[in-house]
Amino acid sequence: MDWQDDGVILGVRKHGETSAIVSAFTRSHGRHAGLVRQVSSKKLRGIVQPGNLVRLNWHARLEEHLGIYSMELLQSNVAPLMLDPGKLTAMMSACALVSAGVPEHEPHPDLFETLSSLMVALDHDDWPSVYVKWEIGLLAELGFGLDFSQCAATGERDGLVYVSPKTGRAVSAQAGRPYHDRLLALPAFLLTGEVPGAADLVQALKLTGHFLNRHVLAHSSKALPDSRGRLMDRWLKA
Amino acid sequence: MNEIEQVIQLLSRLPGLGPRSARRAALHMIQKREGLMRPLADALDRAVENIRICATCGNIDTHDPCSVCTDPKRDDTQICVVEQVGDLWALERTGAFRGRFHILGGVLSALDGIGPEDLNIESLLSRVGPDQPVKEVILATNLTVDGQTTAHYLTERLAASGVSVTRLAHGVPVGGELDYLDDGTLSAALKARHALES
């Protein structure tokens with residue numbers, strides 16, 4: 001068994017003295033692990049870091065074997081993020097969410113493209129809103145898309161300020177008033193594209209966090225990643 | 001399993017030794033039983049009895065507190081935070097740092113499930129309180145994603161203490177040629193450039 005594919009490295013776990021088991025999210029083979037030998041070598045140590053985009057060659061005798069990865073760097077996404085705690089935490093959070101939420105060996109080419117784009121976009125100024133919208137895209141890709149197009153109760157397209165925690169559909173201010181304390185807040189920047197404040201970003205993370213927990217992570221008994229919690233803490237303190 | 005096989009099997013568990021090299025090492029020791037094997041066995045026996053983990057910094061020594069923590073010639077105002085004891089030894093080899101150390105015992109890792117409570121972070125915070133002489137904490141974690149994440153986390157936790165928190169520089173290594181450096185190192189070196197003094 002051999003294949004070649006592009007992938008974003010999600011995680012690296014040391015295996016023995018000189019090897020590591022690398023998990024990558026690939027375009028055509030989904031989330032896939034492989035053994036990388038001599039991972040601490042000068043050639044590889046800068047490459048085998050979460051977030052980097054690499055070209056992978058996977059080789060194994062049988063498909064169900066762990067297999068051996070060899071790789072070359074296509075884009076060093078992580079280096080520009082290293083000095084910025086917020087961007088680095090967001091990158092770690094995205095990798096951890098894909099690791100926890102996407103089943104192994106299940107191809108999601110669109111999600112691969114958005115994850116690759118996110119890794120590049122994290123180095124830009126508008127990265128917080130891009131990150132939140134990526135989480136909404138992740139939910140959609142995994143079959144739990146949120147619908148902010150119209151009010152679930154009245155069909156109104158204006159005045160949408162809530163989201164139903166059960167259906168993930170938007171609810172207008174008027175229709176949602178009696179259930180105010182049971183509905184999730186819908187931050188305006190998700191509808192208008194305006195620049196969000198820290199409070200809006202926290203609300204948005206609470207919104208996506210609810211559905212990630214409920215639909216994506218609950219089945220595997222996993223919790224939201226620590227890095228995502230640290231990202232929210234940063235925005236809470238801002 | 002006889003005694004010789006047991007020695008070979010135990011040696012083969014050491015880092016850098018496989019079964020073949022363990023067999024060679026065992027044979028070498030057997031041939032020099034009095035000159036090497038017995039002193040080694042005695043030294044290992046004494047080490048097992050006497051080695052302590054320093055309650056202050058997490059270093060390995062035969063005393064607690066360790067010789068680094070009790071050395072009166074060291075600078076009490078600086079603490080260098082490293083991941084493992086091997087990192088402390090590496091910095092000690094340079095002779096460039098004469099402050100105190102603190103060993104975290106690892107780094108934050110989402111994949112391995114290592115959180116702040118698994119590392120020696122609380123003991124570090126207790127060393128930089130207002131009644132302590134520490135003025136600077138140097139974060140010398142590895143320049144990996146996990147190492148850097150840990151450094152950012154520590155910076156946040158140390159912010160309230162009022163001490164200066166610094167980070168090891170990273171960029172072009174001594175003797176490094178730009179053509180052979182990876183993109184990440186080059187971009188980090190460019191970002192961390194500084195003015196030359198005339």
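How many nonpolar, polar and charged residues does the lining of the second largest pocket have, by class? The answer is given under the first heading, and it should be read with the caution that this is a predicted model.

## The second largest pocket

The lining of the second largest pocket has nine nonpolar residues, with no polar and no charged residues among them. The space in this pocket comes to about 310 Å³, and the residues that line it are B:Val7, B:Leu10, B:Leu11, B:Leu14, B:Met29, B:Met37, B:Leu40, B:Ala41 and B:Leu44. Two elements of chain B, helix H1 (3-11) and helix H3 (33-50), each give two or more residues to this lining, and H3(B) gives the most, with four residues.

## The contact between the chains

Contacts between the two chains involve 23 residues of chain A and 22 residues of chain B. Together the chains bury about 1,900 Å² between them, of which 61% is on carbon and sulfur atoms. On the chain A side, the residues that lose the most area to chain B are A:Met82, A:Leu83 and A:Arg230, which together make up 26% of what that side buries.

## The cavity

The structure holds one cavity of 30 Å³ or more, and about 80 Å³ of space lies in the largest cavity. From chain A its lining takes A:Pro85, A:Leu88, A:Thr89, A:Arg230 and A:Arg234, while from chain B it takes B:Thr149, B:His152, B:Tyr153 and B:Glu156. The elements that supply two or more of these residues are helix H1 (85-101) and helix H7 (226-237) of chain A, together with helix H7 (145-158) of chain B.

The largest share of this lining, four residues, comes from H7(B). By class, the lining of the largest cavity divides into three nonpolar, three polar and three charged residues.

## Aromatic pairs

Over all chains, a search of the whole structure finds five aromatic pairs. In one of them, the rings of A:Trp3 and A:Tyr69 have centres 6.1 Å apart and planes at 75 degrees, so this pair is edge-to-face. The pair links distant parts of the chain, with A:Trp3 in strand E1 (residues 2-15) of chain A and A:Tyr69 in strand E5 (residues 68-75) of chain A, 66 residues apart. A:Trp3 is buried, with a relative accessible area of 12%, and A:Tyr69 also counts as buried, at 3% relative accessibility. Ring pairs link A:Trp3, A:Trp58 and A:Tyr69 into a cluster.

Another pair, formed by A:Trp127 and A:Trp235, is tilted, at 5.9 Å centre to centre and with 35 degrees between the planes. This pair likewise links distant parts of the chain, since A:Trp127 lies in helix H3 (residues 127-141) of chain A and A:Trp235 in helix H7 of chain A, 108 residues apart. Both A:Trp127 and A:Trp235 are buried.

## Backbone features

In chain B, a cis peptide bond joins B:Asp64 and B:Pro65, with omega at about 5 degrees. B:Pro65 is placed in the loop between strand E2 (60-61) and helix H4 (67-70) of chain B.

In chain A, A:Gln38 has a positive phi of about 55 degrees although it is not a glycine. A:Gln38 sits in the loop between strand E3 (30-36) and strand E4 (53-59) of chain A and, at 47% relative accessibility, counts as partly exposed. A:His105, also a residue other than glycine, has a positive phi near 65 degrees; A:His105 lies in the loop between H1 and helix H2 (109-121) of chain A and is partly exposed, with a relative accessible area of 42%.

Methods: Residues numbered from 1 in each chain as written. Chains lettered and ligands numbered in written order. Predicted model: local features only at pLDDT ≥ 70, side-chain atom pairs only at ≥ 80, totals over all residues. Heavy atoms only, no water. 1 Å grid on protein atoms, 1.4 Å probe; cavity = no way out; pocket = protein on both sides within 12 Å on 5 of 7 lines; lining within 4 Å. Points joined across faces, edges and corners; volume = space filled by probe spheres on them. Nonpolar A, V, L, I, M, F, W, Y, C, P; charged D, E, K, R; others polar. Phe/Tyr/Trp six-rings, centres within 6.5 Å; stacked < 30°, edge-to-face > 60°. Buried < 20%, exposed > 50% of the residue type's maximum accessible area, 1.4 Å probe, protein only. Contact = heavy atoms within 4.5 Å. Buried area = accessible area lost by both parts, 1.4 Å probe.
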